[in-house]
Amino acid sequence: MKQYLEINEWSIVEEGFHREHNKISESVFSLGNGRFGQRANFEEDFTGETMQGNYVAGVYYPDKTRVGWWKNGYPEYFAKVLNATNWVGIKVEVEGENFDLEHCEVKEFTRELNMREGYLLRSFVAKLKNGKEIKVIAQRFCSIVNDDLGAIRYSVTPLNFSGSIKFTPYLDGDIKNQDANYDEKFWDEVSKTADAGSAYITLKTRKTGFEVCTGMRFSVSQNGQTINFESKPIAREKFVANEIIVQAQQGEETVLYKYAAIVSSLNHAPADLLAACKKGLDLAERKGYETLLQEQAAAWATKWEESDIVIEGDAAAQQAIRFNIFQLNQTYTGEDERLNIGPKGFTGEKYGGSTYWDTEAYCIPFYLATADQKVAKNLLLYRHKQLDRAIENAGKLGFKDGAALYPMVTMNGEECHNEWEITFEEIHRNGAIAYAIYDYIRYTGDESYLTEAGAEVLAGIARFWAQRVNWSEDRQKYVMLGVTGPNEYENNVNNNWYTNYIASWCLEYAAYALNYVNGQTPDKYAALVSKINFKTTELEKWAHIVENMHYPEDKKLGVYLQQDGYLDKEQILVKDLPAADRPLNQKWSWDRILRSCFIKQADVLQGLFFFEDKFDVETIRRNFDFYEPRTVHESSLSPCVHAILAAKLGDEKRAYEFYLRTSRLDLDDYNNDTEDGCHTTSMAGTWMSVVQGFGGMRVRNGQLHFAPFIPGKWNSFSFKVGFRGALLKVKTHRNGTSIQNQSNKPISLFVYEQEYTVGANSEVEIKKEDLVSSK
Ligand code: BGC
């Protein structure tokens, strides 16, 4: 855990240059706009600790799989999001010396990620080896208004001299991925040009053939006036630049404005890329830096209007939740159904920028409540479009007749993961994809999605489960052998309770969905039946499995068993582990972890979280009290589920502890791995901890329910949710809860099981003494 960043409600601030933590800062201060994003690398050269990172959403490379022992069924490649052309680079030479913070004396260093307005700012005074002192202020942003544009304002003021400064703004496509399996480069050059005021470079990914054109233009001003300058274009392989030499006066600011446009063949025909790039830059120049920045601030103000959570009385918690919301909004905007949310967003290479079950299990609720309905729907459609690949994927493992197994990790629908115990066995992911359909419909009421695409996906998933279970003569039950549950610290176990439960639920829900389509639109049902060659006998088989599934349980303890053999393990509690042994995944051998009872992340509890309405509170409590003390929370996805369950069980203190752990995970480098990138998908879990945890928000029978409580330290907290045309601001303070309906649509909802109607554009105040706590 490292706490070197300042607490500030609207910004992330680093005071003083913590060069030893620079890679962590590069992750935390990352920028993005849904279309492209980047780590917070410096504009000027830096030879200290750094990891370059610029990424373009949806542009990936199939890196040939590397494994020790090949197993049939392994994917041929791991699709990874590519490190793309670096467009932020500006080489700076001061009186002939290359400026590099690693070799300077640095004073007054401040780095700020301004979340309110959506920009990154750095300012400092640096003394170079040649004795020259300069003040630098560098600001940049990735526009969320024109999502193919980025802009930089880079200013240098000589403090103890007048002399020459050489700026070399460049575009560098000669880059690599740190995680390349064979140390290969993934890009080929298509074309490049560099002239007096601009430069362009188009690169093409090997194998996948994506083309990305990056362009730049620039201007220089001194004392607020644009000046003329000589520029020397430079071009070499995958690299274009322009050298600009200016004479700078002591105490006077010279500013280089650099505009960049990044366009890809995802959105333009390759032949049109250069023109599209130029068009973007024309617009940037016409508007100018200040206007672009103002528009950026205004667009972020709207985003905050829709999704802010305000916490009064706890600045650390306030900063943290805003950081999580900011990163989520920077990562995914929902405008393009081909895109998804990688576990690290645009902040690092780890996890290859690919899609995991994280999206369905953790991210959907955030986008459902804070964005237009189409955003969550696009995430569902993404999987629908990949159904054929999921069927193919199941086929590779020997399943047939339309059974679909969605990949553990994917970019285009094909499986990329290649550890047998996860690729072949961590199949619960299929359940999360079905659950997300249910969650979307429960929230929006848009049941027509079943007809549009949902039922087809559900049928494929159900067919998989129906083939994956087998009848045990011994138990006279259906069992599921050789699986890995969400807890990856046990592999190849039999009857993981969570997997069996969600499989059975999927079968029931798929049957419901097919019946629904049949009832509503018989002609569409007939078309679906013929398309997927569906037989009514399948429904019978599904029903038989649902009725006869084996669920491991210990009646004495009153808990569901994570798997048949869980109680054979030596039962030790996390509190009795020496601190030096943790995190287990860095300190223990894999063998020792697998045989231990320690749990990486919510597993049985994940099921109780998803399906809480099917269990009584005491059952949830017994399982929580049993499993949480055995859980090491070594996945970032773990604390949020525990925060929500603890809140439900009335354990407000623990709920708050888990919240802090999830919300400040990256800001405080809790798991010692933020330098690889931020835990973007778990940030949606943090949002859930506030809204579903402290706010107690649930949807039941098409209506919103709240059961708010306020953590001891806070004076108040409020969040916004959009629900079926109404926009609500729910504020809980020491004396009660107020619900403001900021829309023209009246809504009736429940607070602690009591019904209230909140008229259009009006507010209901519920005093604490009027609340009958259900806890
Ligand atoms: C977790 C998975 C998760 C993945 C990506 C792993 O550590 O165990 O559940 O999908 O990270 O976030």
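**Basis.** I worked from a predicted model in which local features need pLDDT of at least 70 and side-chain atom pairs count only at pLDDT 80 or more, while totals for chains, interfaces and linings use all residues. I number residues from 1 along each chain as its sequence is written, and side-chain values use heavy atoms, without hydrogens and water.

Helices (H or I, at least four residues) and strands (E, at least two) are DSSP runs numbered from the N terminus.

**Largest pocket.** I noted a volume of about 1300 Å³. A pocket is an open set of points on a 1 Å grid over the protein atoms alone, where a 1.4 Å probe fits, with protein on both sides within 12 Å along at least five of seven lines; lining residues have an atom within 4 Å of a point. The volume is the space filled by probe spheres set on the points, which are joined across faces, edges and corners. Of its 47 lining residues, Lys350, Tyr351, Glu488, Asn585 and Lys600 are the closest to the centre. Helix 19 contributes the most to this lining, with 3 residues.

**Second largest pocket.** I recorded about 770 Å³ and 31 lining residues, with Tyr435, Tyr438, Asp439, Arg442 and Val699 nearest the centre. Helix 8 supplies the largest share of the lining, 6 residues.
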